Structure formats: structure tokens, C-alpha cells
Amino acid sequence: LRTLIEGNHIPDDVTVQVLVQAREELIRKTFEAVRGAKNVIIHFYNSTSTLQRKVVFGKVMDGIIDIAVQGARLIRQLTEEEVARSGMNIRYEYSPESFTGTEIDFSIAICEADKEEMGATKENPIIINLPSTVEMCTPNTYADQIEYFCRNMKNREAAIISLHPHNDRGTGVASAELGLMAGADRIEGTLFGNGERTGNLDIVTVAKR
């Protein structure tokens with residue numbers, strides 16, 4: 001990022017998106033990394049699934065929400081400082097990692113808590129990204145989860161619902177298309193599906209359709 005920014009390699013109409021865990025030291029380092037960029041999406045996340053709550057964090061639901069909210073609070077504080085300093089255009093994105101392995105009502109609750117902490121509005125919505133981090137279910141089930149989320153989230157107009165399908169089952173494109181039909185507004189993917197772990201949604205295939 002420093003090479004791209006200091007070398008003026010980012011066009012003015014391009015937005016840089018960075019991904020960071022909801023951990024203070026990483027959030028602060030991320031803001032150092034993007035300083036000087038014109039348009040930035042700060043995408044933060046924490047694990048929310050039943051298994052990860054038990055094995056990784058050893059916390060109940062309230063403890064996981066606290067991790068997300070504390071991260072959101074720090075990001076908003078650093079954003080206000082950066083905007084005052086440089087006028088950078090910063091937008092927010094939050095992911096409940098392992099969304100498909102998380103109780104749907106808990107996913108809604110934690111996203112609503114972050115949405116409120118960030119002060120999201122219809123005019124300035126937060127991006128809520130719902131990843132199929134491990135493609136645990138068939139595309140129609142993923143779409144059902146997206147539809148339920150969109151219908152039951154409060155203040156829906158203050159959020160842009162985004163999809164991030166992985167390709168463990170080889171059905172990332174189908175998951176994205178059904179998810180869009182179920183009410184999502186945005187998708188994330190990679191060229192030809194070359195990305196993380198098992199691969200991501202192939203943006204090229206979706207664009208051709």
C-alpha cells in the first residue's frame with residue numbers, strides 16, 4: 001500500500017479496500033498503511049461462528065459482540081482524526097466471519113450493533129459483508145440465509161448487503177447469483193476465482209452473465 005500511495009499509482013476514481021481483524025494493534029497499523037490514499041474502505045471482521053466462539057475465543061455471544069463494537073469504535077475514532085487531518089474519504093465494511101456457521105439471529109444482532117456504533121444512515125450506509133467463509137451449505141440455503149437477514153435487519157436502508165462466496169463446493173457463482181436474487185446489493189470476488197484457500201467467486205463469470 002505504501003508503494004502504491006507514495007508512487008501515485010492509484011487513480012483518483014479507484015477505492016482501495018483493506019481487510020483487518022477487529023484488533024487494536026492491527027487496526028492502528030492499517031490506518032498507517034492507507035494514509036495518503038484518497039478513497040478507502042476499511043473492512044473489519046471477527047469470527048462469529050458457534051465453533052470459533054468456543055474454540056478460538058472461549059466467549060459467549062455478548063463477548064463476541066464486544067470485540068466487534070470495540071473495533072468499530074476505534075475505527076470510527078481514527079477515521080475522524082484522519083478526515084480532519086487529510087480529508088480522506090473513508091467508508092466502513094464489517095463481516096461476521098464464518099457467517100454460514102453462525103446462528104442467523106446472532107449475525108443480525110452483531111451487525112446491527114456495529115451499524116449503530118458506526119452511525120450508519122441511508123445517506124451514508126455501512127457495507128455489511130456476509131461471507132460463505134467455508135461453503136458449508138448449498139447455494140439455495142445460503143440464499144435463504146441472505147433473504148432472512150435482509151428481511152429481519154433493522155434499518156435495512158442504512159446497510160449495503162455484500163456477498164463473499166468461497167468455492168469449497170465449486171458453487172461460488174451460483175451462491176452469488178442466488179444471493180443477489182435474495183436481496184443482496186454487492187458481491188466480492190477475484191478474477192477467474194484465484195484467491196483465498198479454496199478460491200473465491202469468479203467475478204469474470206458473473207460479469208459475463
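Predicted model: local features only at pLDDT ≥ 70, side-chain atom pairs only at ≥ 80, totals over all residues.
What is the handedness of the crossing of α5 and α6? It is right-handed, a crossing being left-handed if the near helix is turned anticlockwise from the far one by less than a right angle, and right-handed if clockwise.

Residues are numbered from 1 along each chain as its sequence is written, and side-chain values use heavy atoms, with hydrogens and water left out.

**The sheet**

Select the strands. Helices (H or I, at least four residues) and strands (E, at least two) are DSSP runs numbered from the N terminus. Six strands make up an open sheet with parallel pairing, in the order β1-β2-β3-β4-β5-β6; two strands pair if DSSP finds at least two bridges between them. At the edges stand β1 (16–21) and β6 (186–187), each with a single partner strand, so one side of each has no neighbour in the sheet.

Next, select residues 39–47 and 89–97. These are β2 and β3, which pair in the parallel sense over nine bridges. S47 has E97 in β3 as its bridge partner.

Axes here are lines fitted to C-alpha atoms, for helices over the stretch in contact, and angles run from 0 to 180 degrees between N-to-C directions. Residues 172–181 form helix α7, which also packs on the sheet, touching β5 and β6; the direction of α7 makes about 160° with that of β5.

**α5 and α6**

Keep α5 and select residues 139–152, helix α6. The two axes come within 10 Å and cross at roughly 45°. The helices are therefore oblique to each other; angles under 35 degrees count as roughly parallel, over 145 as roughly antiparallel, 65 to 115 as roughly perpendicular and the rest as oblique. I104, D105, S107, I108, C111 and E112 in α5 meet Q145, Y148, F149 and N152 in α6, contact meaning heavy atoms within 4.5 Å. This contact holds five nonpolar, three polar and two charged residues. In these classes, Ala, Val, Leu, Ile, Met, Phe, Trp, Tyr, Cys and Pro count as nonpolar, Asp, Glu, Lys and Arg as charged, and the others, Gly among them, as polar.

**α4 and its neighbours**

α4 passes α5 in a right-handed crossing. Residues of α4 in the contact include M61, I64, I65 and R76, and those of α5 include F106, I110 and E117. By class there are nine nonpolar, no polar and five charged residues.

Then select α2, residues 24–34. Its axis and that of α4 come within 10 Å and cross at roughly 25°, so α2 and α4 are roughly parallel. Their crossing is right-handed. E24, I27, R28 and F31 in α2 meet G71, L74, I75, L78 and T79 in α4, a contact of five nonpolar, two polar and two charged residues.

**Last stop: α1**

Select R2 and E6. They form a salt bridge with the closest N and O atoms 3.2 Å apart, where a salt bridge is a side-chain nitrogen of Lys or Arg within 4 Å of a carboxyl oxygen of Asp or Glu. Being four residues apart in helix α1 (residues 2–6), R2 and E6 are separated by about one helical turn. The whole structure has 14 salt bridges.
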